[in-house]
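Here are my notes on the model you sent over. Have a look at the picture first, then go through the points in order.

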Amino acid sequence: MLNEQRIYLMTRLAIFEKEHKDQLYGIETYFRSDYIGRHMIKNGFRITIAYLLMLLGWGLYNVETLILDITKIDVMALVSRILFLYAALLAVFLVVTYILQTIRYARARQDLYEYRELLQQLERLYEEEDAAKRMMW
């Protein structure tokens, strides 16, 4: 016999799993600090690569000026300015990444709680059906 409430719960669970599959997996397999740290490391690498590409583009754009004025350029000041800009950019983006991933982790935690509640409801329905069948026998 079909149980409409059970079918409804199973449909909701399937839709929930489809929409939040990656999010639920990340929350179940990582601690909060590991989840946030993993994203910060990935974004740190991405920021470094982007900065190096921007620096390369700037260098190629200004290559003529750099070659002509190589004797006049204070290399230590230029390197320190480049490193300072990199550190500032990295710090800003890592703080933003930390904040965003903390919010995402909290939301995913709530979604996981809701998902487990739906599973418990479905399990109760099965237990009630089994108990009713045992009483019939």
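1. Asp 130 sits in helix α4, helices here being DSSP runs of H or I with at least four residues, numbered from the N terminus. Its relative accessibility is 38%, so Asp 130 counts as partly exposed; that label covers the range between buried (under 20% relative accessible area) and exposed (over 50%), with a 1.4 Å probe and protein chains only.

2. Before going on, a word on the source: this is a predicted model, where local features need pLDDT of at least 70, side-chain atom pairs count only at pLDDT 80 or more, and totals for chains, interfaces and linings use all residues. Residues are numbered from 1 along each chain as its sequence is written, and side-chain values use heavy atoms, with hydrogens and water left out.

3. (Patch members have over 30% relative accessible area and no salt bridge, and like charges are joined within 9 Å; a salt bridge is a side-chain nitrogen of Lys or Arg within 4 Å of a carboxyl oxygen of Asp or Glu.)

4. Glu 129 also belongs to helix α4. With 22% relative accessibility, Glu 129 counts as partly exposed. From Glu 129 to Leu 119 is ten residues in sequence and 15 Å in space, C-alpha to C-alpha.

5. There is a nonpolar surface patch too, made of Ile 49, Leu 53, Leu 56 and Leu 60, with about 430 Å² of accessible area together (nonpolar side chains are joined within 5 Å; areas are Shrake-Rupley with a 1.4 Å probe). Ile 49 is in helix α2, and at 53% relative accessibility it counts as exposed.

6. On to the rings: searching the whole structure gives three aromatic pairs (ring centres within 6.5 Å; planes under 30 degrees apart are stacked, over 60 edge-to-face, the rest tilted). Phe 16 and Tyr 115 are stacked, because their ring centres are 5.7 Å apart and their planes at 15°. This pair links distant parts of the chain, with Phe 16 in helix α1 (residues 4-29) and Tyr 115 in helix α4 (residues 75-136), 99 residues apart. Both Phe 16 and Tyr 115 are buried.

7. Tyr 35 and Tyr 105 make a tilted pair, at 5.4 Å centre to centre and 50° between the planes. Tyr 35 is in helix α2 (residues 32-61) and Tyr 105 in helix α4, so parts 70 residues apart in sequence are tied together. Are these two tyrosines buried or exposed? Tyr 35 is buried, at 7% relative accessible area, and Tyr 105 counts as buried at 10% relative accessibility.

Key:
Rings of Phe, Tyr and Trp (its six-membered ring) pair if their centres lie within 6.5 Å; planes under 30 degrees apart count as stacked, over 60 as edge-to-face and the rest as tilted. Helices (H or I, at least four residues) and strands (E, at least two) are DSSP runs, numbered from the N terminus.
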